[in-house]
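Visitor: I would like to learn how to read salt bridges and helix packing. Please take me through one case of each.

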Amino acid sequence: MGERTDYAPGTFCWTDLGTPDADGAKAFYAALLGWELDDMPVGDDQVYTMARIGEHRVAALYKRSQGPPAWLCYVSVESADAAAELAERLGGTVVDAPFDVLAAGRMAVLRDPQGGVFAVWEAGETFGATLVNAPGALTMNQLNTPDPRASSDYYTSLFGWRTQQVSEEPPYFGVFNGETLNAGMMQMPPEAGDAPAHWLAYFAVDGLDDAAARIGELGGQVVVPATAVPSGRFLVARDPQGAFFALIEGELDP
């Protein structure tokens, strides 16, 4: 069980879901992942719903009326302003300029040159998830990109990451922050056409087959069926509102 009290800069630390149907998403993920949900007013009639496993916060979701529903993956940084400035200088785009999230921290939403959207998080009172790598919690972030070399160069320059190819077919890369495995990266298949890069959030489960059946019962759809990898098995799914996510069972990092 991976309990956390902080995150080194360059480490994925949080994920949240923006969706047009927050109530529907809450029902789906609570039933699928065993989350307890806590609605937190954040001003202007907005609600940020914290997802918890026991006493630990693991993710969040909120109602968003514009844009497609999507999970957003956050990277811890010392300065959101400096990260946004560097991201743009390296050829990326600032989607949402740095702003304060009450006293919790400061963030920016960015888009890499291949189209992958992600966020940077400068911790204030909140540093991110207090539990990872456990059933119901975030366990991996994966970049699907049409150009792994260009993506690797960009994120290495932005965060100091190191990438290492770990399989030839299909090409797959481990992404390291220092000596710690921080993420994965996969080349998108030719049939993806001109689709942009995107980050995919993985949550851990105890039983992947049961979870796959539950996804369908709850109104979601499995789009990549259970597939074996060296550490276990994973699947990719779409929730009833259309947001993509992944589940994995097997050996988890501490």
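Visitor: Which side chain meets Asp100 in a salt bridge?

Guide: A salt bridge is a side-chain nitrogen of Lys or Arg within 4 Å of a carboxyl oxygen of Asp or Glu. Here the partner of Asp100 is Arg106, at 3.0 Å from N to O. A caution first: this is a predicted model, where local features need pLDDT of at least 70, side-chain atom pairs count only at pLDDT 80 or more, and totals for chains, interfaces and linings use all residues. Residues are numbered from 1 along each chain as its sequence is written, and side-chain values use heavy atoms, with hydrogens and water left out.

Visitor: Is Asp100 buried or exposed?

Guide: Buried means under 20% relative accessible area, exposed over 50%, and partly exposed in between (1.4 Å probe, protein chains only). Asp100 has 53% relative accessibility, so it counts as exposed.

Visitor: How many salt bridges does the structure hold?

Guide: Ten. Asp23, Lys26 and Asp39 are joined in a network of them.

Visitor: Where do Arg89 and Glu85 lie?

Guide: Helices (H or I, at least four residues) and strands (E, at least two) are DSSP runs, numbered from the N terminus. Both residues sit in helix α2 (residues 80–89). They are four residues apart, about one turn of the helix. Arg89 and Glu85 are both exposed.

Visitor: What does the salt bridge of Glu179 with Arg162 tie together?

Guide: The closest N and O atoms of Glu179 and Arg162 are 4.0 Å apart. Glu179 is in the loop between β13 (172–177) and β14 (180–187), and Arg162 is in strand β12 (residues 162–167), so the pair links parts that are 17 residues apart in sequence. Glu179 is exposed, at 72% relative accessible area. Arg162 is partly exposed, at 33%.

Visitor: Now the helices. At what angle do α1 and α4 pack?

Guide: Axes are lines fitted to C-alpha atoms, for helices over the stretch in contact, and angles run from 0 to 180 degrees between N-to-C directions. Helix α1 (residues 22–33) and helix α4 (residues 208–217) pack at about 155 degrees, their axes 10 Å apart. That makes α1 roughly antiparallel to α4, a label for angles over 145 degrees.

Visitor: Which residues make the contact?

Guide: Contact means heavy atoms within 4.5 Å. Helix α1 supplies Phe28, Ala31 and Leu32, and α4 supplies Ala211, Arg214 and Ile215.

Key
Parallel < 35°, antiparallel > 145°, perpendicular 65-115°, else oblique.
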